[in-house]
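Subject: The two-chain model, over to you

Hi,

Here is the structure I promised to pass on. Have a look at it first, and then read on for what I found in it.

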Amino acid sequence: MNYRMSWLLAASIAIASPTFALAQDVLTIGVRSEAASMDPHWTQLSGDTQVQEHIFERLVGLSPTSQPIPGLAVSWAPIDETTWEFKLREGVKWHDGEDFTADDVIFTYDRLRAGVSGAPASPAFQLEKGGKQWTKVDDFTLRITTEGPYPTMAEDLAMLPIIAEHAASGVEPSVDFNTGQAAIGTGPYMFEEYSPGSQITVKKFADYWGGEPHWDQVVFRPVGQDSARLAALLNGDVDMIDYPPTIDIPQLLEDPNFVVSTIPADRLIYIIPGYKHIEPFITDAEGNPMVPNPLRDWRVRKALSLSINRDAIRDRIMGGASLPAKNIVPPGFFGYVEGLEADAYDPEQAQALLAQAGYGDGFNVTLHGPNDRYINDARILEAIAQMWSRVGVTTEVDAMPRNVFFSRLIRGDELSMPGFDVPEFSIALTGWGTVAGEATYTVSGTLETYNAVTGGGNGNFGRYSNTEVDARSVLAKRTIDNDTRRAILEEAITIGMEDYAYIPVHFQVNQWGMKASLTHEPRTNERTRAMDVRRVE
Amino acid sequence: MSGTVAHTAPAPGVWREFFRSPAAIVALATFSGFCLVALFAPWIAPQNPYDLAQVDIMDSLLPPGSESWTGAPYHLGTDGQGRDMLSAMIYGIRISLLVGLVSGVIALAVGTVVGLVAAYRGGWVDTILMRIVDLQLSFPTILVALILLVILGRGVDKIIFALVVVQWAYFARTVRGVALVESVREYVDAAKGLRLGHLRILFGHILPNCLPTMLVVATMQMAAAISLEATLSFLGLGLPPTRPSLGLLIANGFDYLQSGRYWISVLPGLVLLAIIVSANVLGDRMRDTLNPHL
């Protein structure tokens, strides 16, 4: 027994010795959410796409601040009112050595349009926006036409990973990607292993068009529990983690062995009031439904906003890492309105507004939200419930896992049917990421009246409806000139937010914790990627 | 009738025997103390931890012995939401004991009836009932409870229902075993000879003789129910986050352990430990003194 133990010990020392480690430069990342599939058209969850981005690329890439940059396309320009022409990059190789051409792009877009069977949230809707049609001009030129002028073409195509025609023809969605058979991309890293619950591994693609990748191998290890993920970093199991627990950031900052990277995120955390005439989770003091639903009165919505102490949430819950907001896209993004300042905490005015609206005696609401999606989401829910309760709006919290929450948020009501989603919650906390770095589809998605046919209001789960906002949103979607579009968007946002269409809380600030021997260039879109990490000696 | 009951019922000397163990006395005192705290929670607790208007996020994460900005003392500190830990624990004890006792009593009632009927009737009734019990016992309790709560949603009533569902089979199995032995004894034959009704024989004659066993199993199962409730709450099922029970308090504090804020997890953990250990010691001592053959 003793003999065997010492032998094991010797073996583990040999494995851990530095000479052995140098042979392969491996980066191990502890991630909060595991990738559910290696099929890049399966979902749009950042936990999935951040891993897939190592393998698959898009025509248009995104800079760290989510602005479009050349990807598999080197340039693009409108050639008339309704046509964009994309010049593709030449000399790009797939991981199995085949050449990348326009046929692969056509194949990818056709696959998306035909529908990826079983995919819970395929990004195919990006192709439906504007009624896109695509044709190949030659092997490295592609034209995309739309029904009308379409300004945000590059932003849309930045959401669509290109897959290989020769590798992915006729394969079973998701399944054959997870075995690696169809997971052939053009990205800097190649598929190596997909073991759900344990780890996902990618390895260096030496022939990458952008130069040799920095790491020999990258391992993504899912550690869902916040403190366990931090512990994995502290004890050296992983080199880097995403979402370090905010409460432990000061401890990490003090420790010379670790560094923290930080960037304001594109994700707005906000509260959606329900606009139905009668809302199920809003009752008067006796527990009876209220007619009309008080949230339809803008004074009530403003009162709810004024009673939220955003600075307290930032300082006491978020560890100082949040940006209180009234804007819907973060500073620096296309469509950020300078004059929109986050509401200051003012419970007296909130109570006065409630009294003015005829609800001086308060009412009861149930605030719904996820408890595993956004940074400290359950704690924010509880804090807001406290703040509302203190101004007389007695608030119960119902926090639930994200998969339950989002399906109920989007189409939870019994009246829901395909093409006519009816949200269930009366008031709920959720988040919206402006992944494209541009406010057009944030305005259209969250402020425009819900319309399943045009895709307008696809994130408007409270069913807010305001013709003044609608007119501007529709116009912005057809305005190619950037300055004109920016002005229209800013008007739409100002009108919507002065009306308290919804109640912004803050923008998340993303943080990563890593060993001091690493540097990381963080991204506003939350993705954790090995391409942004370097070893410094 | 009293003559027939005397057969295994506790003699007066049993209580003297029970109190011969110092551990049992301490356990009884501890457990009674917790019961009193639970009963009078609203009058003892400095704050109503479930009234969100009384909880202030600005007082969050204060260590034991701190004061709020209004000067009110937080003897055991506050949690991440600024809730007074002392009050939260007092109300948490209340939920834990309520859930443990109520689910224990209901499961005992259901299990007893099933066990008695199975033993007394025998034959296919016994077979069917006991196969259902076997089926129930073959699933891990935590798994069944988790699935039930996912389906049912949140609330004290739902968690009690889930605990009854996972526990009644233990009682049924035990009561049947004891009742099977009792039902072939002479006094039962005598009662049958007197042409007494089945119900009267079952509940008037056999049941009292099963009581010692039931008492012991019930005490043990109550401790198990309390810890199961804490487990489910720890996993985030069962009760809403604004009405924390002991398990939920421990879970909430878990995230703060690495930053040195031990009191949010450790203090409710100690209370839970004390409740479960004292209930178990009571059960053990009862088994030793009542001496049922389990």
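Let's start with one glycine. Gly148(A) sits in the loop that links strand 7 to helix 6 (153-157) of chain A. Bear in mind throughout that this is a predicted model.

Is Gly148(A) buried or exposed? It counts as exposed, because it has 11 C-beta neighbours inside 10 Å, and the cut-off for exposed is 12 or fewer. Leaving out residues up to four places away in sequence, Gly148(A) touches Thr82(A) and Arg478(A). Thr83(A) is 65 residues from Gly148(A) in sequence, yet their C-alpha atoms are 9.0 Å apart in space.

Thr83(A) takes us to a sheet. Thr83(A), in strand 5 of chain A, is the bridge partner of Asp80(A). Strand 5 (residues 83-88) and strand 4 of chain A are joined by six bridges and pair in the antiparallel sense. The sheet they belong to is open, with four strands of chain A in the order 4-5-7-6 and antiparallel pairing. Its edges are strand 4 (73-80) and strand 6 (133-138) of chain A, each of which pairs on one side only. On average, and ignoring direction, neighbouring strands of this sheet are turned by 25° against each other. Helix 4 (residues 102-114) of chain A packs on the sheet, where it touches strand 5, strand 6 and strand 7 (141-145) of chain A. The direction of helix 4 makes about 165° with that of strand 6 of chain A.

Next, strand 18 (residues 503-515) of chain A, which is worth a stop. It is mostly covered, with 12 of its 13 residues buried. Here are some of its antiparallel pairings:

- Strand 12 (residues 258-273) of chain A is joined to strand 18 by 11 bridges, and Ile263(A) has Asn510(A) as its bridge partner there.
- Strand 11 (residues 240-242) of chain A is joined to strand 18 by three bridges, with Trp512(A) as the bridge partner of Asp242(A).
- Strand 14 (residues 322-324) of chain A is also joined to strand 18 by three bridges, and Ser322(A) stands opposite Gln508(A).

Now for a helix of chain A. Which residues of helix 13 (residues 347-356) of chain A are buried? They are Ala350(A), Gln351(A), Leu353(A) and Leu354(A). Seen down the axis of helix 13, these buried residues fall within an arc of 160°, so they line one face of the helix. As background, an α-helix has 3.6 residues a turn, so residues three or four places apart point the same way. The buried residues of helix 13 pack against helix 11 (298-306) of chain A. Just after helix 13, Gly358(A) takes a positive phi of about 95°.

On to chain B. It has 12 helices and two strands, and from the N terminus on they run α-α-α-α-β-β-α-α-α-α-α-α-α-α. Taken along the principal axes, the C-alpha atoms of chain B fill a box of roughly 75 × 45 × 30 Å. Of the 294 residues in chain B, 47% are buried. Among the contacts in chain B with a separation of 6 or more, 70% are between residues 24 or more positions apart.

The largest nonpolar core has 81 residues, and Met89(B) and Leu163(B) touch the most other members. The elements of chain B that give two or more residues to this core include helix 5 (85-121), helix 8 (156-182), helix 10 (198-234) and helix 12 (263-290). Neighbours within four places in sequence aside, Met89(B) is in contact with Leu249(B), Leu267(B), Pro268(B) and Val271(B). There is also a second, separate core of 73 residues, which includes Ile282(A), Leu367(A), Phe461(A) and Ala476(A).

Last, where the two chains meet. The contact takes 24 residues from chain A and 19 residues from chain B. On the side of chain A that touches chain B, the elements giving two or more residues are helix 9 (226-234), helix 12 (310-317), helix 14 (377-390) and strand 16 (393-400) of chain A. Which of them gives the largest share? That is helix 14 of chain A, with eight residues. By class, this side of chain A has 10 nonpolar, six polar and eight charged residues.

Over to you, and enjoy looking around.

Cheers

Notes:
Residues numbered from 1 in each chain as written. Chains lettered and ligands numbered in written order. Predicted model: local features only at pLDDT ≥ 70, side-chain atom pairs only at ≥ 80, totals over all residues. Pairing = 2+ DSSP bridges. Axes fitted to C-alpha atoms, helices over the stretch in contact; angles between N-to-C directions. Contact = placed C-beta atoms within 7 Å. Buried ≥ 20, exposed ≤ 12 C-beta atoms within 10 Å, placed from the backbone. Arc of directions from axis to C-beta. Nonpolar A, V, L, I, M, F, W, Y, C, P; charged D, E, K, R; others polar. Core = buried A, V, L, I, M, F, W, Y, C linked by C-beta atoms within 7 Å.
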